[in-house]
Amino acid sequence: MNDSSARDKWSGRMAFVMAAAASAVGLGNIWRFPYLAAKYGGGIFLFVYVALAVTIGFTLMTVEIAIGRRTKLSPLDAYKSIAPKWQIIGWLGMAVPALIIAYYSVIGGWIVKFLAFYAKRLFEASPCPVTVAESKALFSDFTGGGSLQPLACSAVFAFCTAVLVLLGVRRGIEKSNKIAMPLLLVLCVAVAAMSLCQPGAAEGLAYYLKPDFSKFSWKTVVWALGQMFFSLSLAMGIMVTYGSYMRKEDSIPKCVFRIEFFDALVAFLAGLMIIPPVFTFLGEEGLKSEGPGLMFISLPGVFGKMTLFGASIGDVAGLLFFALAFFAALTSSVSIMETVVSSLRDRLGLGRTAAGMIVTVYMFITLVPNSLCFANDGVFSCEILPGMRLLDFCDFAANNIFMPLCAFLTCVFAGWCIGPNWIVREIGIREGRFRLARPFAFMVKYAAPAAIALIFTFYILKELKIVEM
Ligand code: PHE
């Protein structure tokens with residue numbers, strides 16, 4: 001059904017690297033990486049993370065990109081076209097973004113709200129810096145208050161995502177990345193610099209970077225692995241899709257290293273932005289929050305305490321931080337939507353506009369229950385499983401079940417069904433001879449599936465409350 005000659009193509013190597021890096025750099029880098037680094041040994045966590053990224057992460061990303069580029073298909077049809085019996089991987093690779101898309105705009109909407117909050121403050125005379133208690137009240141009133149505001153903010157975010165995807169690979173995704181990615185980097189450096197100018201930053205920095213072997217255990221490795229898969233956007237069908245738009249003359253391994261470098265750089269900078277000031281102003285206790293609690297409650301309070309030459313810089317820091325979070329989240333959101341759109345196009349032979357509109361409608365419909373499920377009362381406020389709201393359920397199913405399963409099956413498929421040489425041949429088109437072919441074969445056949453099986457087991461044991469993580 002797919003006419004490969006009409007397939008979208010990146011305009012060059014940098015366009016592909018930028019798009020894949022834009023997908024990889026997301027909320028995971030900002031609200032989770034610094035927390036994990038602080039909890040599991042600082043410098044030692046960074047070291048383990050990088051070591052895993054250049055071995056196991058490199059392997060899986062290479063496999064996914066090569067499958068996409070060779071088949072010129074998105075996940076749903078790529079696996080089917082190689083071995084029909086393995087099309088389950090394509091379905092899993094499509095299920096993960098389809099589930100994530102159903103709630104990612106909700107979080108995007110919260111970012112929009114905080115961005116607007118800080119932008120408004122800049123134009124008002126707001127001498128009183130924001131405190132943790134105020135940000136907590138703002139966040140809980142906004143999400144739990146029962147108004148339609150969260151829905152409206154999420155709709156703005158979803159609309160931005162849909163516009164970029166509907167504009168297409170070159171006019172929408174590539175062009176927006178050209179602006180968003182450099183800007184994101186500049187904003188990261190600016191906020192990190194503000195954080196490092198605060199009193200007590202040196203101790204916070206030491207806490208972040210000094211290896212603390214007393215905090216090192218098997219948990220360090222398990223969490224670093226899980227974080228790496230999520231952060232590199234692996235097993236979500238994204239790299240297969242983006243790989244299918246890649247030109248044959250570009251080197252896959254070189255691109256993969258660049259994407260990983262960029263992703264790790266932003267994660268590292270996020271640590272510089274967050275750990276020293278949180279450590280200074282909220283103490284070690286403050287470093288125990290992650291995710292929305294860190295981003296929407298602790299950090300605004302921490303920014304509120306930041307000063308430069310005696311003047312409060314909380315509002316500027318908050319505005320810059322939420323702007324960078326917006327770009328990071330938007331480019332990731334675009335990548336999941338593009339994956340679903342591309343799969344629909346390949347399977348149903350639809351044009352971009354038709355497939356894009358279908359996914360847009362789906363995104364907006366799922367947005368309603370997911371964005372209103374935080375209200376303290378109302379139709380959507382109930383838990384669908386004990387202790388689990390709809391959004392938590394989508395998140396759990398996508399990240400803890402489908403993603404590890406997809407990653408594991410992808411490795412088994414590449415290592416044992418088509419064999420590593422299939423991938424090595426695709427790499428060889430540009431490389432001539434792939435020098436890392438032997439370690440790559442070992443990784444894809446043994447090390448990567450074993451590592452994924454390990455994290456999957458831990459996720460299940462953790463859920464069953466057999467181990468504490
Ligand atoms: N790599 C992304 C992150 O760190 C993961 C992601 C990609 C999540 C696309 C959602 C959508 O946040």
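K72 sits in the loop between α3 and α4 (75–82). Its phi is near 55°, a positive value in a residue other than glycine. A235 is found in the loop between α10 (218–231) and α11. A235 also is not a glycine, and its phi is positive, at about 55°. Helices here (H or I, at least four residues) are DSSP runs, numbered from the N terminus, as are strands (E, at least two).

This is a predicted model, in which local features need pLDDT of at least 70, side-chain atom pairs count only at pLDDT 80 or more, and totals for chains, interfaces and linings use all residues. Residues are numbered from 1 along each chain as its sequence is written, and side-chain values use heavy atoms, with hydrogens and water left out.

How confident is the predictor? The chain averages a pLDDT of 94, on a per-residue confidence scale from 0 to 100. At least 70 is the score of 99% of the residues. Where pLDDT is low, the predicted coordinates should not be read in detail.

Now the helix packing. Two packed helices are described by the angle between their axes and the distance between the axes. Axes are lines fitted to C-alpha atoms, for helices over the stretch in contact, and angles run from 0 to 180 degrees between N-to-C directions.

Take helix α3 (residues 43–71) and helix α16 (residues 390–417). Their angle is about 70°, and their axes are 10 Å apart. The two are therefore roughly perpendicular (65 to 115 degrees; under 35 is roughly parallel, over 145 roughly antiparallel, the rest oblique). From α3, the contact (heavy atoms within 4.5 Å) uses L60, V63, E64 and I67. From α16 come A407, T410, C411, F413 and A414. By class, that contact has 7 nonpolar, 1 polar and 1 charged residues. Ala, Val, Leu, Ile, Met, Phe, Trp, Tyr, Cys and Pro count as nonpolar, Asp, Glu, Lys and Arg as charged, and the others, Gly among them, as polar.

Helix α5 (residues 87–123) and helix α7 (residues 149–167) pack at about 105°, with axes 7 Å apart. They too are therefore roughly perpendicular to each other. Y104, S105, V106, G108, G109, V112 and K113 of α5 meet Q149, C153, S154, V156, F157 and A158 of α7. This contact divides into 7 nonpolar, 5 polar and 1 charged residues.

Note on methods: pLDDT = per-residue confidence, 0-100.
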